[in-house]
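Please keep the sequence and the structure in view while reading.

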Amino acid sequence: MEKCNQPDKITDNVVVSMMYTLKVDGEILDSCEENDPLLYLHGHENIIPGLERELAGLSIGATKNVIVKPQDGYGEFKPDAFKEIPRSEFPQDFPLEIGVELEFDEEDEENEENEPYFGTIVAVDEALVRVDLNHPLSGKDLNFDVKIVDLRYPTEDELCHGHVHLDEHYEGEDFGEEDCE
Ligand code: ZN
């Protein structure tokens with residue numbers, strides 16, 4: 001049975017429900033559990049641009065393989081995107097271990113827009129902690145297999161906020177009514 005008032009293909013401002021598998025270097029990094037598709041609002045940069053662009057126009061049931069190059073994914077690997085921080089700047093009980101993720105929010109040369117950014121500890125010695133500011137998937141081709149499982153129109157709130165409201169997200173967010181006009 002056909003649903004009333006359902007978009008017939010992916011355009012801006014359509015909520016897309018899809019299953020996907022992400023492979024990098026031939027290895028599966030991420031995939032949806034059955035019955036647990038990813039939902040996103042198309043046209044609002046909720047997912048990486050190289051994938052979003054390739055999904056436009058697909059209908060329910062469509063499958064597609066999409067290869068996303070670094071410049072449309074998580075960026076090129078930058079050999080100079082490392083930072084060394086004196087150990088003394090970390091709290092005493094901080095877990096200074098390789099692989100630990102750090103969030104930075106200070107304004108500096110890496111951060112002209114003053115947005116929080118992330119890094120991963122790659123080395124620790126007596127004086128310094130070396131942090132890689134590259135995204136772990138920078139420089140990688142992302143190989144997505146997607147299947148579109150449902151399409152719907154967004155609610156007014158979703159459209160205003162520019163993202164999908166799952167229950168747990170909606171409850172927790174501090175998005176004031178006054179922001180929605
Ligand atoms: Zn919201």
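## A pocket and its lining

The second largest pocket has a volume of about 150 Å³, where a pocket is an open set of points on a 1 Å grid over the protein atoms alone at which a 1.4 Å probe fits, with protein on both sides within 12 Å along at least five of seven lines, and a volume is the space filled by probe spheres set on points joined across faces, edges and corners. The model is predicted, with local features needing pLDDT of at least 70 and side-chain atom pairs counting only at pLDDT 80 or more, while totals for chains, interfaces and linings use all residues. Residues are numbered from 1 along each chain as its sequence is written, and side-chain values use heavy atoms, with hydrogens and water left out.

The lining residues (an atom within 4 Å of a point) include Met18, Tyr20, Leu22, Leu51, Tyr74 and Phe144. Strand β1 gives the largest share of this lining, three residues; strands (E, at least two residues) and helices (H or I, at least four) are DSSP runs numbered from the N terminus.

## Nonpolar cores

The largest nonpolar core has 22 residues, and those with the most contacts inside it are Ile10, Val16, Met18, Leu51, Leu55, Leu142 and Phe144; such a core is a set of buried Ala, Val, Leu, Ile, Met, Phe, Trp, Tyr and Cys residues joined through side-chain atoms within 4.5 Å, buried meaning under 20% relative accessible area, exposed over 50% and partly exposed in between, with a 1.4 Å probe and protein chains only. At least two residues of this core come from each of β1 (15–24), α1 (49–55), β4 (63–68) and β9 (142–152). A second, separate core has 12 residues, among them Ala81, Leu96, Val100 and Phe104.

## An open sheet

Four strands, in the order β5-β8-β7-β6, form an open sheet with antiparallel pairing, two strands being paired if DSSP finds at least two bridges between them. Because β5 (82–86) and β6 (101–104) stand at the edges with a single partner strand each, one side of each is left without a neighbour in the sheet. Five bridges join β5 to the antiparallel β8 (residues 128–132), and Glu84 stands opposite Arg130 in β8.

## Positive phi values

Most residues other than glycine have a negative phi. Glu45, in the loop between β3 (38–41) and α1, has a positive phi near 55° and counts as exposed at 70% relative accessibility.
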